[in-house]
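Please follow this account with the sequence and the three-dimensional structure at hand.

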Amino acid sequence: MAVPHILVVEDEASLSLLLQYNLEAEGYTVDIADRGDEAELKLRETNPDLVLLDWMLPGVSGIELCRRIRARAETATLPVIMLTARGEEAERIRGLSTGADDYIVKPFSVPELVARVGALLRRAKPKTVSRILQSGDIELDRETHRVHRASRELQLGPTEFKLLEFFMQSPDRVFSREQLLDGVWGHDVYVDERTVDVHVGRLRKAINKGRAKDPIRTVRGSGYSLDKRFMDTD
Ligand code: CA
């Protein structure tokens, strides 16, 4: 399964770095935003699996951001944990009524926060848990590790399988080589970025046999994406 991606929205730099350090140590990939408005952009760009959201933020407040997350169809079920100040019961209740899935009171213990993150990711049913992923005529089964294009079964190596799974989780999103390394190989494995090109090449070869339409788009200077348009035109 791909590495869960967490967005930390917190304006206290020491706290966001502490969270990043500890969440990365658990194997998650982490992005940080220190303003509410910046967080909105990152939400669209990075498509996280969970958000840790501070209540008091410059730009857009945590509460308002949570409301907006719930209002957008793409993020309506995105797991959100709010970070609130101690003792502010009214805030917590308001946070939960705005749609946060959980809250944690500052100052908190990092192991507890990490445990809550894990619990919420397991409880939530994000895109990462459905067994079958479908993009156009490509079907990927996470349990049997079989991939079909139209009715033909494809023979993919384990890395190509993970790469395709990663792309299929976020169609149309452009991933840099670095993001692909983090998401597919894991962030503590040292692999050269050119390795990504090699495996994308193998994946292409495996899925495009005898077919004209290449679902993987090379974005110059940026990276790769699974092109949504290929699905419509078949
Ligand atoms: Ca704050």
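Asn22 has a relative accessibility of 21% and therefore counts as partly exposed, since burial requires a value under 20%. The model is a predicted one. Asn22 belongs to helix H1. Leaving aside residues up to four places away in sequence, Asn22 touches Val110 and Val114.

The description now turns to the parallel sheet. In general, strands of a sheet pair through backbone hydrogen bonds, in either a parallel or an antiparallel manner. Here, five strands in the order S2-S1-S3-S4-S5 make up an open sheet with parallel pairing. Strand S2 (29-33) and strand S5 (102-105) each have a single partner strand, so one side of each lacks a neighbour in the sheet and these two strands stand at its edges. On average, neighbouring strands of this sheet are turned by 20 degrees against each other, direction ignored. Within the sheet, four bridges connect strand S3 (residues 50-54) with strand S4 (residues 80-84) in the parallel sense. Val51 has Val80 in S4 as its bridge partner.

Helix H2 (residues 36-46) lies across strand S1 (5-9), S2 and S3, and runs at about 150 degrees to S2. Which residues of H2 are buried? They are Gly36, Ala39, Lys42, Leu43 and Thr46. These residues lie on the same side of H2 because they cover an arc of only 110 degrees around the axis. The buried residues of H2 pack against S1, S2, S3 and H3. On the face of H2 turned away from the buried side are the exposed residues Leu41, Arg44 and Glu45. Just after H2, Asn47 adopts a positive phi of about 50 degrees.

A second sheet follows later in the chain numbering. This open sheet has four strands in the order S6-S7-S8-S9, and its pairing is antiparallel. Its edge strands, strand S6 (132-135) and strand S9 (152-154), each pair on one side only. Neighbouring strands are turned by 25 degrees against each other on average, direction ignored.

The pairing can be traced strand by strand. S6 and strand S7 (residues 138-141) run antiparallel and are joined by four bridges, with Leu133 opposite Leu140 in S7. S7 and S8 likewise run antiparallel, joined by four bridges, and Arg146 in S8 is the bridge partner of Asp141. The hairpin of S7 and S8 has four residues between the strands, and His145 in this hairpin takes a positive phi near 60 degrees. Three bridges pair S8 with S9 in the antiparallel sense, and Val147 stands opposite Leu154 in S9. In the hairpin of S8 and S9, with two residues between the strands, Ala150 has a positive phi near 55 degrees. The covered face of S8 bears Val147 and Arg149, while the uncovered face bears Arg146 and His148.

Helix H6 (residues 158-169) lies across S6, S7 and strand S8 (146-149), at about 115 degrees to S7. Helix H8 (residues 193-207) also packs on the sheet, where it touches S7, S8 and S9, and its direction makes about 165 degrees with that of S9.

The final topic is the aromatic residues. A pair of aromatic rings is described by the distance of the centres and the angle of the planes. The model contains two aromatic pairs. The ring centres of Phe166 and Phe175 are 4.7 Å apart and their planes stand at 45 degrees, so this pair is tilted. Both Phe166 and Phe175 are buried. Together, Phe166, Phe167 and Phe175 form one aromatic cluster.

Terms used
Residues are numbered from 1 along each chain as its sequence is written. This is a predicted model: local features need pLDDT of at least 70, side-chain atom pairs count only at pLDDT 80 or more; totals for chains, interfaces and linings use all residues. Side-chain values use heavy atoms; hydrogens and water are left out. Two strands pair if DSSP finds at least two bridges between them. Axes are lines fitted to C-alpha atoms, for helices over the stretch in contact, and angles run from 0 to 180 degrees between N-to-C directions. Contact means heavy atoms within 4.5 Å. Buried means under 20% relative accessible area, exposed over 50%, partly exposed in between (1.4 Å probe, protein chains only). The arc is that of the directions from the helix axis to the C-beta atoms. Rings of Phe, Tyr and Trp (its six-membered ring) pair if their centres lie within 6.5 Å; planes under 30 degrees apart count as stacked, over 60 as edge-to-face and the rest as tilted.
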